[in-house]
Amino acid sequence: MDFLTRGYTALRGPTGAPQTAIDTIVKLSDRLTQSTLISDRRAAVLGLKGLSRDCKADVGQYALEPLLALLETDAKDDPDAAKAVLETLVLLCQVADVKEGGKVPRDDLGLKHTDVALSTPAPTHALLALLQDNNFYVRLTAVQLIVVFLSNRSHTFQQHFQHSPDGPSTIEQLLADSRDIIRAETLAMLQTLVANNSTIQTSIAFAGAFEKLLNIVTVEGGIEGGSTVYEALLVIEALLRHNVGTQKFFRDLEFTSQLPSLLLFPSPPPPIDQPVPQEFSLQFWNTQKINNAGVVVDICNMLIAGKGEVNQAPDLGGLARCLVELALGSNAPSALKTKALKALPPDPPLLNLIMCYIPVPETNGEEWDRLPPEPAIGVLVAYALDGDYGIPGAVEVVGPDARREALELRAAALSTFEAFVTNDLNARLFILGEMATPAPLPEGAEVTRFPFRTLVRALSDTPQAPMSPESAHRHVIASLLFTSLIRSSEKCKTLARSVIPSVIAPPTVFLEPGQEKPPLPSEDDDPPQALLPSLLGNLAMAVRSRSIAREKGERDMREWDRIIVGYLIILTAWAWDSPIAVKDILEEGGVMTVLMEPVSQSSGIDVLVQGLCAFLLGACYEFNHTIQKSFTSDPNSAAVEAGGNIDTAALITSLRSLIQSQQSDIDRLQAKLTAVTKEREEERESLNAQITSLSERLTELNSEIEAEKESKKEVEKEQEDLLVLLEELNTKRRRDKELMKKKGLEVSEDEGEDDEEEEEEEEEEE
């Protein structure tokens, strides 16, 4: 009690004397450095802590340095003192609250105090050493102070951490702490600590962080866990990001094999010829689980992108299959499926059979129908054409966000398909073979779909007005899918010419009990039309519909432009470096007219449509030897002589007319340019002459001015000489009058008055 009284008296000062907050802060700061008892210093720290909120600037000015010194001395031996010092430093270094999206002012007190605290590495090293203390409050407040330092000056703190001998080992101890609050603060702190610093990433990873983090995820229930799982997965992602060393270390320790199990994929995975369990394919998804699974997929993406192809990295094979099943054979949300497709390697196992499920309508996702096993590449095509589950209308898309996610999924499926078939000729031939010669329908299937037949139908079906954005997207995606199959391969183009759309069964058939299959075309119908003529006919129809929409001012004109671009992309890829395909195109009646119409329009046409039409015409000319021979042998000969083909002659005539028209425009523009150039040259010469004349006149005027100046100077000099002479005469006259007066001679009154006036004037001047 006596101790408390003395302490209060020392702080209060003499009885009755007023004491300001600064006086109290100064006295408490002196006690931090001068008191020999640790209890006194601890009490002073607690007093400063209470004043830090209202007198932050004064406490920082007088007590910050002593507090940092205590961090290296008393804090190591006294947990209560350590807790008080750390809490006070947290209050001093915290920045003021700013509005969302705003910036912290440069003169903020928290930033200034942080700069002082991090001016030397000693306080940082002492702070990291305190993390080894198992005291709950000491460890918690130490982590919170590190979070504040990283938030204010992350780069400086990272530099001090790199040179700390206890840094990585203390992080390992923190991750092993089972107390929830400390673990949560540690996970939040690590995300900032390792960001954009490969050295710290490597040191912490090699200290055993991966094992500790994966253990946290497992203990908390995997992706079905809460926010702790999410934060731990984010730390793993941060350790792997842009760091080849930590990625290799992760794979070398075989942690990659644990990722599929985090997504609830069976471990070990079932054989390729067996489907995955229904427990994986059909799961219950909430927001937290979706976020957790999304981070796991992002980690898979980094590991696959950093390693390369699956064939060169066998440890990624099970991971690739897990992603394929998650994206194409599960009930995962569309956003997660999109991530999974983007994470696939260039050579995913898409030729394997997978088991798919589709939701039963009006059951709110509680009942599902199982489809027969089918190649994953076919399911991928169905996803690209019709969205989630590969069935039109299987998922209700409401609102702009849902439409965006659905379109992103289709775009990801398209990108995955293009990447897969680009370097795999056998896969392209397999798909084109299925499109040309459909396999027999599976027996006993209640629900079935045929994605390759769906693709044929999407290409061959005539687009109908009015055109909606969804229908336009389907046509464009079908065009891009087919273009990736025939691009740069004459063998694929030859096989594609054998595709007959009219003999293909409807793309998606739901057979109810007792329902018969749709009938196939009979022998009495017209001969079936191949795919290429069908595409040319659809192009002509789309161009015509676009013209009608423009005349009526309808809003779907832009959608028709997209469809036309899709058809032109297919035809350009098909005609490129393929004389046979060019011959087939030119043999179709009216094609040249369809292509020339957009090229000849000067307005009201999309430049992309116009350019692709011109490019296709150029490809037809480049890879058709008949046209080249006709132009080479006699460019001015009649067009009908070019091989006797009417369409070829029409093409030659159109091209010649176009060239002549363009040459006329060029000649006209050149003549106009010459006239304008001549006119400008005459104007320039006239202006130069005027400038020369004005320059000469200016020179003359300058000479006259100089002459006038010289003349004026001479006149002024003469006036000065006359004034001097006049003054001398006046002086002599006055002197003579004085002599005349002295000798008694008479001086006239006028002369005397003049002399008096002159004397008065001289006096006034003096």
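**Note on salt bridges and helix packing**

1. Arg183 is buried, with a relative accessible area of 10%. The model is predicted. Arg183 pairs with Asp180 in a salt bridge, and the closest N and O atoms are 3.0 Å apart. Asp180 is exposed, at 54% relative accessible area.

2. Where do Asp180 and Arg183 lie? Both sit in helix H11, which covers residues 180-193. They are three residues apart, about one turn of the helix.

3. Two packed helices are described by the angle between their axes and the distance between the axes. Here the axes of H11 and H13 come within 9 Å and cross at roughly 30 degrees. Angles under 35 degrees count as roughly parallel, and therefore H11 is roughly parallel to H13. The crossing of H11 past H13 is left-handed.

4. By type, the contact of H11 with H13 holds five nonpolar, two polar and two charged residues.

5. A second salt bridge joins Lys289 and Glu224, with the closest N and O atoms 3.4 Å apart. This pair links distant parts of the chain, as its residues are 65 apart. Lys289 lies in helix H17 (residues 287-307). Glu224 lies in the loop between helix H12 (198-219) and helix H13 (227-240). Is Lys289 buried or exposed? Lys289 is buried, at 3% relative accessible area. Glu224 is exposed, at 53%.

6. Glu87 and Lys83 also form a salt bridge, at 2.8 Å from N to O. Both belong to helix H6 (residues 79-93). They are four residues apart, which means a separation of about one helical turn. Glu87 counts as buried, at 17% relative accessibility. Lys83 is partly exposed, at 25%. The cut-off for buried is under 20%, so Glu87 at 17% falls inside that class.

7. Salt bridges also occur as a network. Arg546, Arg558, Asp561 and Asp606 are linked in this way. How many salt bridges does the model hold? The count comes to 30.

8. H6 comes up again in the packing of helix H8. H8 spans residues 122-130, and its buried residues are Pro123, Thr124, Ala126, Leu127, Leu128 and Leu130. What do they pack against? Their partners are helix H4 (56-72), helix H5 (74-77), H6, helix H7 (109-117), helix H9 (136-162) and helix H10 (167-176).

9. Now the chain as a whole. It has 33 helices and six strands. Of its 766 residues, 42% count as buried. Among contacts in the protein chain with a separation of 6 or more, 69% join residues 24 or more positions apart. The Lys289 and Glu224 pair, 65 residues apart, links distant parts of the chain through a salt bridge.

How values were computed: Residues are numbered from 1 along each chain as its sequence is written. This is a predicted model: local features need pLDDT of at least 70, side-chain atom pairs count only at pLDDT 80 or more; totals for chains, interfaces and linings use all residues. Side-chain values use heavy atoms; hydrogens and water are left out. A salt bridge is a side-chain nitrogen of Lys or Arg within 4 Å of a carboxyl oxygen of Asp or Glu. Helices (H or I, at least four residues) and strands (E, at least two) are DSSP runs, numbered from the N terminus. Buried means under 20% relative accessible area, exposed over 50%, partly exposed in between (1.4 Å probe, protein chains only). Axes are lines fitted to C-alpha atoms, for helices over the stretch in contact, and angles run from 0 to 180 degrees between N-to-C directions. Angles under 35 degrees count as roughly parallel, over 145 as roughly antiparallel, 65 to 115 as roughly perpendicular and the rest as oblique. A crossing is left-handed if the near helix is turned anticlockwise from the far one by less than a right angle, and right-handed if clockwise. Ala, Val, Leu, Ile, Met, Phe, Trp, Tyr, Cys and Pro count as nonpolar, Asp, Glu, Lys and Arg as charged, and the others, Gly among them, as polar. Contact means heavy atoms within 4.5 Å.
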